[in-house]
Amino acid sequence: MATKPPTEDIDESKLRIGERERSAVGVPAVMHALKISIEQMGVLRSAQTLLRVNQKSGFDCPGCAWPEEDHRHAAEFCENGAKAVAEEATVRRVGPDFFARHSIAELREHDDYWLGQQGRLTTPMLLEEGGTHYTPIGWDAALEEIAGALRGLDDPDQAVFYTSGRTSNEAAFLYQLLVRGLGTNNLPDCSNMCHESSGSALNQTIGIGKGTVSITDIHEADLLIVAGQNPGTNHPRMLSALEKAKEKGATIIAVNPLPEAGLFHFKNPQTPKGVLLGGTKLADDFVQIRLGGDQALFQAIGKHLLELEAREGGVLDHDFIDGHTAGFAEYAAHVAALPWEPLEEATGLTADRLREIADIVRRSKATIVCWAMGLTQHKHSVPTLREVVNVLLLQGNIGRPGAGVCPVRGHSNVQGDRTVGIYEKPAEAFLAALDREFGFTAPRKHGYDTVEAIRAMRDGRVRVFMGMGGNFVSATPDTRVVEQGMANVGLTVQVSTKLNRSHVVHGRRAIILPTLGRTDRDRRGGLDQRVTVEDSMGAVHGSRGRLAPPAEDLLSEVAILTRLCELVFADRPGTPRADWRGLESDYSAIRGHIARVIPGFEDYDARIDKGRTFFLPNGPRDERRFATANGKANFTANPLEYPVIPEGRLLLQTLRSHDQYNTTIYGKDDRYRGIHDGRRVVLINPADIRELGFAEGDVVDLVSEWNGPGGLEERRAEEFRLVPYDTPRRNAAAYYPETNVLVPLDSTADVSGTPTSKAVVVRLERR
């Protein structure tokens, strides 16, 4: 039987620190996933639901964006995928009676874990200005209220439209059409906070903002460098792909400040080896690098490869460099002039150790570099990723089997949302195609990204905020500024499956629109509809839920958006024209529009019908074609940058616990790191604890320090326990969203604007 939701928040006084685990997954992961599934769904519903995850006739996991192979296991999900499914398919419900019992003031006092555990939203709810409780509102009245607010704006830029990666291709395409039909490109999304740096660097260097490898390439690689990423927690299904690569003889280098269990050893619960024989060793070499030192690492690799080429020859792929790249001479001269000393300082590694790593790269016949937030959330993230590309270009490791760039996207369909138009800086070709398809003129002026949207809300320039999924308040940096900005907005609208912080930190008026999830049956126009998503490697999948929805009249995101489009654009000249009711009743008609607007989606429905999955075109991968201004892959010369930590301070990275996905807190533990029944911890080198005058277990406040435009700025996160951990000296780590309050709004990556959540200078203050 499913259990009732918790009645209390996480009690940090019960925090326990145990031993770190040395391997990932295994039987304990299976048991933990089943425990949470049964608590949320019950036994029968768990079995019915989990066996459909990522199946060709089932639904795409609402968790991470790691791809599936063509051959599927019966249990094609990981521990955290099972948790994500359980959270969505829960039998717990949050209806009008819940909001009648709990005032906004009371709900605001609860933590993110408690809020998320209450269950699925069932009914549209309205909070009037000055009101103390949300009250029910009918669907028609709610949508008319929102449409009226949008039509009544003095300027369309007074509205902001946020998107979560969970949103399907069909809904995301309609969402951007609504926004551009209104007359703005204010489309901030979760990409702005995670892989925007990847897209910026890759577009500059290889002409596409996506990775260039397939799941087969992972299996066929000779060398895999996994940098700034923790696959055991954030993308556990990746471990199966790494295991297959190891079985075929691949070498794996793990680059990370923290020694994560999933980087070292994998016990595959679906194989006898994983269950009975101890599993598979993954990383052949662990490179424990200082926070922000990755640019220096890849510059050192490139420097050593060039030195070897000069002495011995046979290291570089000159045919590829001469035929497909530009800028090699400038890059080579720049790297040759770099002294080894700053490379050692930035990485925390000796020159001999850096050369040793580079020798492994030299010997590789096919190299893939995988990365995630550890590389993308620094001020110099874009130059860092340009250096990753430089190293790969030297040996021709783009556009051939087993080689390429692999940014591992976090949220299911975060990449697909961008593909179908969720972007504040859209390309002219996309806008021109949109104009032709829908008979209007889309705005060309760039819109707000996430940070710019927060600034606009803070400054009172936003009258309507709409969130299509996600949890904007908890996901974004500088929490107190975000909360103040939300309070300035006239109307906030959240389209959500479950309760979260963004429902209780709101505008002067607020509307909650509950919606269907991936697991729910979506029946429109007398047919069971399906949606599509794009995984981290550019493959598009069909997805169809089977569970009865939490409420009979619950609308899908598509239905919400088609009805809003009809209301907003009715009798309004110069706006998009479409059969909105027809699109609501037949999602294939939406896919028809996408196919006519976006290259690569031709015969969209037929290709989904044929095999559920098809690959979008990828010039670098498919034919070594680079859509850059010069038609070449570009080497770049990047000045070396790395964080300089003031005396007596630490550099903090924010990260997830194992019982967490993005801002959704599944449980109280992070068992791989030995943390149990609590979250307010800071992981820190034991020598730093002693040097700063503290002791293990001391409770401190974390105070971030940042030299902003107006001088030194400080932000505070209270009551964190010091936990000794194997981190580089003067580097520390703590969980978000609790530490997002420490990330300055204006501290962003150059070029991409991504918040610098992996590079926060903090001091410790005794309680």
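This briefing describes selected helices, strands and backbone features of the structure shown above. The model is a predicted one. Among its features are a mostly covered helix, α27, a nonpolar surface patch of about 540 Å², and an open sheet of three strands.

**Helix α27**

- Helix α27 comprises the 13 residues 557–569, and its end C-alpha atoms lie 18 Å apart; this agrees with the 18 Å that should result from 1.5 Å a residue.
- Of the 13 residues in α27, 10 are buried, so the helix is mostly covered; buried here means a relative accessible area under 20%.
- The buried set begins with the run Glu557, Val558, Ala559, Ile560, Leu561 and Thr562.
- Leu564, Cys565, Val568 and Phe569 are also buried in α27.
- In an α-helix there are 3.6 residues a turn, so residues three or four places apart point the same way.
- Just after α27, aspartate 571 adopts a positive phi of about 55°.

**Nonpolar surface patch**

- Helix α1, which covers residues 26–41, contributes five residues to the patch, the most of any element.
- Isoleucine 38 lies in helix α1, and its relative accessible area of 31% makes it partly exposed.

**Three-stranded sheet**

- The strands of this open sheet follow the order β2-β10-β11, and their pairing is mixed.
- The edge positions belong to β2 (24–25) and β11 (280–281); each has a single partner strand, so one side of each has no neighbour in the sheet.
- Strands of a sheet pair through backbone hydrogen bonds, in either a parallel or an antiparallel manner.
- Two bridges join β2 to strand β10 (residues 265–267), and this pairing is parallel.
- Valine 25 is placed opposite lysine 267 of β10.

**Backbone features in loops**

- Aspartate 478 is not a glycine, yet it has a positive phi of about 50°.
- This aspartate 478 sits in the loop between α24 (472–475) and α25 (479–488), and it is buried, with a relative accessible area of 3%.
- Arginine 730, likewise not a glycine, has a positive phi of about 65°.
- The loop between β31 (711–724) and β32 holds arginine 730, which is partly exposed at 23% relative accessibility.
- Tyrosine 736 and proline 737 are joined by a cis peptide bond, with omega at about 10°.
- Proline 737 belongs to the loop between β32 (731–735) and β33 (760–766).

Note on methods: Residues are numbered from 1 along each chain as its sequence is written. This is a predicted model: local features need pLDDT of at least 70, side-chain atom pairs count only at pLDDT 80 or more; totals for chains, interfaces and linings use all residues. Side-chain values use heavy atoms; hydrogens and water are left out. Helices (H or I, at least four residues) and strands (E, at least two) are DSSP runs, numbered from the N terminus. The expected span of a helix is 1.5 Å times one less than its number of residues. Buried means under 20% relative accessible area, exposed over 50%, partly exposed in between (1.4 Å probe, protein chains only). Patches are made of residues with over 30% relative accessible area and no salt bridge: like charges are joined within 9 Å, nonpolar side chains (Val, Leu, Ile, Met, Phe, Trp, Tyr) within 5 Å. Accessible areas come from the Shrake-Rupley method with a 1.4 Å probe; for residues, only the protein chains shown count as cover. A salt bridge is a side-chain nitrogen of Lys or Arg within 4 Å of a carboxyl oxygen of Asp or Glu. Two strands pair if DSSP finds at least two bridges between them.
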